[in-house]
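User: I would like to go through this model and ask what lies behind the labels. Please set each value against its cut-off.

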Amino acid sequence: MLEARRHKTFKIKMGFGGAETETRRVVRTARAIHQLAPEAIVTVDLNQAWDMTTCMRLLPQMDDAGIAMVEQPLPFWNKDGMAALCSRLRMAVVADEGLWDLHDAYAAFKSGATALYGVKIGKGGGIRRAYKAASVAEAAGIPIYGGMALESSIGTAAALQLFSALPLLSWDCELIGPLLLADDLAVQPTQYHNFEVVVPHGTGLGVEPDHDKVNFYTRKT
């Protein structure tokens, strides 16, 4: 991906195995990536898998390995624990499952429970409400990045229209959904090159749905 200039940020999913074993794997992976490209960004997503004791014991090892961000290491309800981790670690500690709409964002920013805000249209309640949450983050001085939920090129186009209207995406975006799907629902799939994802310029969201594929994949309930 680095040689093809397609991605320079890599998120490693973890939390499904032994904490020590996974930490060693992640640290080795991060160091290998940084040997190839020191400018690359490595992040991890724990999906609420650890408790506070495990976080305090193992997250500093990831910090020392140059991992830039850890996403939702604690259960969504543990906002005090998230705030404590934010204050103790150099890496950015980010809430995800603990954030839904702009009200959750405001509470997290006020309590110091997240160092970044991942703007997601689906979780945020649509383009308009997700934009409001991004504005709350901007007002609070919280950096943002563009999140996703593995959408097709149609959902990705909606996210791109929103993200391109924001003043600053300090941590870029992670719109890789179309690359992971076996097929797409747009006539022209999302385009990636030179470490960027291209904002479509058509009408509406900027993409044209492929109606034949939409009909093919439609299931009656």
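**Labels and their cut-offs**

Analyst: An unreviewed UniProt entry places the feature "domain: Mandelate racemase/muconate lactonizing enzyme C-terminal" at residues 1-92. UniProt positions are given in the numbering used here, feature names are shortened, and annotations may be inferred rather than shown by experiment. The end C-alpha atoms of residues 1-92 lie 24 Å apart, and the span is 45% helix and 15% strand. Helices (H or I, at least four residues) and strands (E, at least two) are DSSP runs, numbered from the N terminus.

The model is predicted: local features need pLDDT of at least 70, side-chain atom pairs count only at pLDDT 80 or more, and totals for chains, interfaces and linings use all residues. Residues are numbered from 1 along each chain as its sequence is written, and side-chain values use heavy atoms, with hydrogens and water left out.

User: What makes the pair R57 and E20 a salt bridge?

Analyst: A salt bridge is a side-chain nitrogen of Lys or Arg within 4 Å of a carboxyl oxygen of Asp or Glu. The side chains of R57 and E20 meet at 2.5 Å, N to O, so the pair meets the definition. R57 lies in helix α2 (residues 52-64) and E20 in helix α1 (residues 19-36), so the bridge ties together parts that are 37 residues apart in sequence. The structure holds ten salt bridges.

User: Why is R57 called partly exposed?

Analyst: Buried means under 20% relative accessible area, exposed over 50%, and partly exposed in between (1.4 Å probe, protein chains only). R57 has 41% and therefore counts as partly exposed; E20, at 36%, also counts as partly exposed.

User: How do you know that D96 is bridged to K123, and is D96 buried or exposed?

Analyst: The closest N and O atoms of D96 and K123 are 2.9 Å apart. D96 lies in the loop between β4 (92-94) and α4 (102-111) and K123 in helix α5 (residues 121-124), so the pair ties together parts that are 27 residues apart in sequence. D96 has a relative accessible area of 10%, so it is buried.

User: What makes D101 and R129 a salt bridge?

Analyst: Their closest N and O atoms are 3.6 Å apart, and so they meet the cut-off for a salt bridge. D101 lies in the loop between β4 and α4, and R129 in helix α6 (residues 127-140). R129 is partly exposed, at 31%. Salt bridges that share partners also join K11, E71 and E174 into one network.

User: Why is E22 called buried?

Analyst: E22, found in helix α1, has a relative accessible area of 9%, so it is buried. Not counting residues up to four places away in sequence, E22 touches M14, G15, F16 and G17; contact means heavy atoms within 4.5 Å.

User: What makes a set of residues a nonpolar core?

Analyst: The set must consist of buried Ala, Val, Leu, Ile, Met, Phe, Trp, Tyr and Cys residues joined through side-chain atoms within 4.5 Å. The largest such core has 53 residues, and those touching the most other members include W50, I67 and Y117. Helix α7 (residues 153-163) gives the most to this core, with five residues. A second, separate core of five residues includes M69, A92, L116 and Y145.

User: Which residues of helix α3 are buried?

Analyst: In helix α3 (residues 79-88), the buried residues are G81, M82, A83, L85 and C86. Their cover includes α2, β4 and α4.
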